[in-house]
Amino acid sequence: MREKGNCPVRFAACRRARSYSSKSEKKSVQKRQGNTMEELGLVIIGGGPAGLAAAVEAYDQGQRSILILERDRELGGILNQCIHNGFGLHTFKEELTGPEYASRFIDMLRERGIEARLDTMVMEMTADRVVTAMNRKDGLFQIHAGAIILAMGCRERPRGALNIPGFRPAGIFTAGTAQRLVNMEGYLPGREVVILGSGDIGLIMARRMTLEGAHVQAVAELMPYSGGLKRNIVQCLDDFGIPLLLSTTVVNIRGKERVEGVTLAKVDEKGKPIPGTEKDYVCDTLLLSVGLIPENDLSRQMGVQMSPVTRGPVVNESLETNLEGVFACGNVLHVHDLVDYVSEEARTAGRKAAEYLRGGGKKDQTSGIPVLAKGGVRYTIPCSIRPEHMDESITIRFRVDKVYKNVYISAFIGEVRKVHRKVRIAAPGEMEQVILTKKDLMELPAEQITVCLEEA
């Protein structure tokens, strides 16, 4: 297949990541001896786009004691398997592939001499910022960090979470697994494909499988709207004549050794299959693109307060969690639609972590102004703002709960409306944002900030 031997950028980035790690290990902040606990300034958990951008920004803000712990064999995270373009338009003002985007930050790390330990699994973190990790070279080791940035990304929701009846044959893959098989391992999962879920990875894989010679029969979506970006619907489905079946789900899977077919059916307003609407599809592959879940098992174990909506940490304007000196950014915080926003958010986390360490790591007891999500807004990041600690302006990001047409996105500081912007369409698949200034927040006394939708 083409990607097996024709993706020089990705393999170049991987080589840089591996060679850089071996060099940087010689510059470890403190020599590792037995089980002696290392003392480090900033430890970043995860070497994907969020972890990379946070490390670069923290270094540029004067923090020199930085370590990235990454469980994979290379830096870059999910970007390494995203060989399509569309990355970097906001960050680098040009269109890049995923590996190209990652390689830019890997080069920045190498130029700054920031250490990254690869093939390293973090086993446990505690509220007082003790990280227990393990790899083949060092065995089991512990680090006491002055500050921690959580940047573990997210994982795909598996079939087991969907309760689809039928057999459990081969040929059922999450869309991300299929993407890795095609783009990195050089395997084609199947020839006749049905995709359940219209998240961005599923849409992109519909196009990718088609380009590799497979026949994608349909993309079924349980909700009455797509979960992906509008541009991906157009470029990945419409341009290739692949039907998008809304309010539709899989009600049966046939086949014992290998998938032989699936049955799709329409669903009602409550998501229940409607009898008599079933339609059979003969296929050998079912791809699942049914949502992403922030990777927060370690976060919960260490006592980080979690949002029931995003399943990520509750953070303030500095992206700091309820635990002193523990910050979060990227898809571990909430699932993003653009990697450029991940990098922007991670820079904030890196900058604020560096500020925290410069201040001697002292706990600030100031309570922030709560940011409330109302009127069609599902959640906001951040969840509270301390005006005296924010930059000159702050971007509040959020998602809506369904598709809205011709509405106003509004933000209130107390009773004063400071943002009132009309949008033609607001959809759950695309992140929205409002920007508030420090000047306004300092001058307007308020017990709460409200972000909501208002009728035009």
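Predicted model: local features only at pLDDT ≥ 70, side-chain atom pairs only at ≥ 80, totals over all residues.

Student: What makes helix H9 largely enclosed by the rest of the structure?

Tutor: A residue is called buried when its relative accessible area is under 20%. In H9, 16 of the 20 residues are buried, so the helix is largely enclosed.

Student: How do you know what span is expected for H9?

Tutor: The expected span is 1.5 Å times one less than the number of residues. H9 covers residues 339-358, and its 28 Å from first C-alpha to last is close to the 28 Å expected. Just after H9, Gly360 has a positive phi of about 85°.

Student: Why are strand E19 and strand E24 said to stand at the edges?

Tutor: Two strands pair if at least two bridges are found between them. The open sheet has the order E19-E21-E24, with antiparallel pairing. E19 (377-381) and E24 (432-437) each have a single partner strand, so one side of each is left without a neighbour in the sheet. The twist from one strand to the next averages 25°.

Student: How do you know that strand E21 and E24 pair?

Tutor: The requirement is at least two bridges. E21 (residues 393-400) and E24 are joined over six bridges in the antiparallel sense, and they therefore count as paired. Thr395 stands opposite Ile435 in E24.

Student: What makes strand E20 and strand E23 edge strands?

Tutor: The five strands form an open sheet in the order E20-E18-E25-E22-E23, with mixed pairing. E20 (384-385) and E23 (416-426) each pair on one side only. Strand E22 (residues 404-413) pairs with E23 over nine bridges in the antiparallel sense, and Val419 in E23 is the bridge partner of Ala411.

Technical notes: Residues numbered from 1 in each chain as written. Heavy atoms only, no water. Helix = DSSP H or I, 4+ residues; strand = E, 2+ residues; numbered from the N terminus. Axes fitted to C-alpha atoms, helices over the stretch in contact; angles between N-to-C directions. Buried < 20%, exposed > 50% of the residue type's maximum accessible area, 1.4 Å probe, protein only.
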